[in-house]
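Open the model in your viewer and keep the selection tool at hand.

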Amino acid sequence: MTDIILSSGVRGNLLSLQNTANLLERTQERLATGLKVNSALDDPTAFFTSASLNNRAADLSRLLDSISLGVQTLEAADVGIKAITDLLETAQASARQALQAPGPLSPAVAASITGTGAAIAADAAAVATGSITNVAADTAAVGTGTVVTGGDALELDVTNLNIADGTTITISDGTTSRTFEFDTAGDGVGAGNFGIGATNQTLAQAITAINGELSTATVNATFTDVDGGGDSQIQLQASNATDSIQITAGGAGSATVLAALGLDAIGSGPDATDRTIAPTNATLDGITAGETLTFTTAAGSSTVTFGTGAGQSNTRAELLAALNGGASGATFAFNGNTLEATGANAAAGDITVAVTSGASALSTLGFTSGAVSTTTNATLGAITQGQTLTIDIGGTTETVTFGSGANEVNTLAEFNTRLAAIQTSFGGSTVVSADADGNLTVTANNTIGSVTLGGTAPLTTFGTNLNTTAVAPTTGTPVNNVIRERAEADYNTLLTQVTELARDARFNGNNLLQNDNLTIFFNENSTSSLTISGVDFDANGLGLTSQAAGSFQTNANIDTALEGLEAAIIQIRTQAGTFGSNLSVVETRQQFTSSLIQTLETGGADLVLADINEEGANLLALQTRQQLSSTALSLASQADQNVLRLFG
Amino acid sequence: MALKVELKPGERFILGDSVITNDDQRTKLFIEGTVPILRSKDIMRMEDADTPCKKIYLAVQMMYLAKDPKLHHSTYFKLISDVQNAAPSLFPHIDNLNNEILTGAYYKGLKIVKAMISDEEELLNNALGRTGI
């Protein structure tokens, strides 16, 4: 191998080339990474210092995160405090509103008296009574005839009497009748008829047989042989005073049979074959025929016309039938021999008596024309006429006068009417009334007047407890004011909300408003820190208790509540100030730390660019720049406001 | 522990936001409390702060004296980053200074800035060609 001998010049070039190659490699590396110091071998001090600076920056970044959490916790507490303050101020407004509303009101109760134990009987119906007691009872109808018998054998000598065979006489009492047939031929009688006048039947026997048959047939009439000898008189008589008896003839000898018996002219009738005997009344006979007597009530009138004609009355029975069939609603009856008209009921009112002409009916029956018989009440009737009941309400007096005159009270109905009128005259909500037993109730129409009863009538009639002592208005149980009750309920609701808010003011598990403490570390080895103490800001912690029901009705209680609220608000505001200053300390540190991190990171990078000469030159340039820079200007202005000004 | 301050006649010092001037007698004062205190030899006036690091001293001084140091933070960081960009070798000082400020030990911070100032002076002299030996 031949040695290549290098000349010094070539060696020098080679060295320079090697240096250049190294330099090139280094420059390339630097260009690629942008760093002058790429590894510990380039510049160990700078490299390791830079590394430690970057590590420190990373540590501080983590620290910054925890400082941020601390800040958030403080802010959560701050928000909670603001909200609680709002709630407490609302509670204050509520309590003040309650204070302005009036306290419980005791309503006044109007004076009132009510009677108990009264026993006023119901009104009795009106009774119009005739004052003359001489209307005799009716006399039963009677008709007397003379039978010409001839001879003294008392034979019913029908041949002599020329009564043909088959002649009938029918006896009727208006309800039932019986027909008797003369069987003079002895050949039997028609169906249903009773045979009489057979040969040898004496008058007495005939009469006995006829009466027996009349009784069996329930015809209310009997025959009597009056004088029993000679020219016999027989009498046809009604069994009672209300029936008219009709005797009619029929058959072959009808035209003459009644005449033969002497009965053709008894009573009244159209002819000799048809006669009716009627009851009579002596008294009523005395009344001029055609007169009428009318009894009128509010319902209508009942009239009777006296006389013997059709539709007229001549007996008690006819009189009662005519009147009771009228429209007055009154009931007519004889009490002994006195005619009485009784109203339908107490409410039917008065009965008025009138006549059309003449006065004989009135004087016979004992009524006075126009006489008014009024409904009555036994109890009120017992009160002496002219006695009074006075009702005084608040100094004004109304009077009820008892009696039978105009505007006087004699019945329960009149009493109630008068009380209703008194109630209307007092007006308003006055009550003046009596119940069905007559218990009197009087209530004043306002709360001012006292109620006093008086008068000359015995007060115990209208209630055994009534007396003349005045009854004054009273006060009822107090009623709670509604506005205060609502304010009280609002206050309690707000306190509940305060407690819930305090419980919600947590962040990251820490609640400064519920006694949790917060510690924030400012450097990596935990030697610099700040501890913030928590407080208890729920309702109990603030010294606020909910109000018992009805407590706000008393002013003293509301005042106590307001004082409590005031103290709580002051406590909260003080604490808010403390938290606020804590927050600003922490935020200061936080800001400083984050800027510091940037500085460290920059420093870490810059370190590897150290160059003494460059630095000196840079500093000179910086010095010149700073003379005009805004930083220097702001520094100057800040220094101006500082105490340095004093020192200058 | 109280701070002992010895004042020559006519010497002044800052206490909080007041300036206290001594009369014409030597005086010894013992001061306790957390209010910032600066003796006159430690005070940098605005007119004297003509280099970047001196300006940093002024900024730290104002942070120390202020009620709300936050106001001065942005100025401070601007100055720091300018110096850092210009002279990265001063970074260890800056690092220590930041630590002291972070933990609230402003007075110690001022001492560090004083060291920075003397280093800076060296660099400036170097650049200006005044090597001094």
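First, a working term: two strands count as paired if DSSP finds at least two bridges between them. Keep in mind that this is a predicted model.

**Stop 1: a sheet of three strands**

Select S3, S16 and S15 of chain A. They form an open sheet in the order S3-S16-S15, and the pairing is antiparallel. Strand S3 (127–129) and strand S15 (331–335) of chain A are at the edges. Each has a single partner strand, so one side of each has no neighbour in the sheet. Now look along the sheet. On average, neighbouring strands are turned by 25 degrees against each other, direction ignored.

What holds strands together in a sheet? Strands pair through backbone hydrogen bonds, either parallel or antiparallel.

Zoom in on S3(A) and strand S16 (residues 338–342) of chain A. Three bridges link this antiparallel pair. Pick Val127(A): its bridge partner in S16(A) is Thr342(A).

**Stop 2: the hairpin**

Keep S15(A) and S16(A) on screen. How many bridges join S15(A) to S16(A)? Five, and the two strands run antiparallel. Click on Asn335(A); opposite it, in S16(A), stands Thr338(A). S15(A) and S16(A) make a hairpin, with two residues between them. Select Gly336(A) in the turn: this residue has a positive phi of about 70 degrees.

**Stop 3: a sheet of six strands**

Stay in chain A and select S7, S6, S5, S10, S12 and S11. This is an open sheet of six strands, ordered S7-S6-S5-S10-S12-S11, with mixed pairing. Find the edges: strand S7 (194–196) and strand S11 (268–271) of chain A each pair on one side only. From one strand to the next, the twist averages 20 degrees.

Focus on strand S5 (residues 168–172) and strand S6 (residues 177–182) of chain A. They pair in the antiparallel sense over five bridges.

Bring in helix H4 (residues 203–216) of chain A. H4 lies across S5, S6 and S7 of chain A and runs at about 150 degrees to S6(A).

**Stop 4: where chain A meets chain B**

Show both chains. The contact takes 47 residues from chain A and 53 residues from chain B. Together the chains bury about 4,400 Å², with 69% of that on carbon and sulfur atoms.

Which side chains meet in a salt bridge here? Select Arg56(A) and Asp95(B): they meet at 3.3 Å, N to O. The count between chain A and chain B is one salt bridge. Polar contacts link five residue pairs across the interface, with both residues at pLDDT 80 or more.

Last, colour the helices on the chain A side. Helices H2 (44–100), H12 (555–607), H13 (612–628), H14 (630–641) and H15 (644–647) of chain A each give two or more residues to the side that touches chain B. The largest share, 15 residues, comes from H12(A). Colour by class to finish: the side of chain A that touches chain B has 20 nonpolar, 20 polar and seven charged residues.

Note on methods:
Residues are numbered from 1 along each chain as its sequence is written. Chains are lettered from A and ligands numbered from 1 in the order in which they are written. Side-chain values use heavy atoms; hydrogens and water are left out. Helices (H or I, at least four residues) and strands (E, at least two) are DSSP runs, numbered from the N terminus. Axes are lines fitted to C-alpha atoms, for helices over the stretch in contact, and angles run from 0 to 180 degrees between N-to-C directions. Contact means heavy atoms within 4.5 Å. Buried area is the accessible area (1.4 Å probe) that two parts lose on being put together, summed over both. A salt bridge is a side-chain nitrogen of Lys or Arg within 4 Å of a carboxyl oxygen of Asp or Glu. A polar contact is a pair of N or O atoms within 3.5 Å; within protein, one must be able to donate a hydrogen and the other to accept it, and residues adjacent in sequence count only if both atoms are side-chain atoms. Ala, Val, Leu, Ile, Met, Phe, Trp, Tyr, Cys and Pro count as nonpolar, Asp, Glu, Lys and Arg as charged, and the others, Gly among them, as polar.
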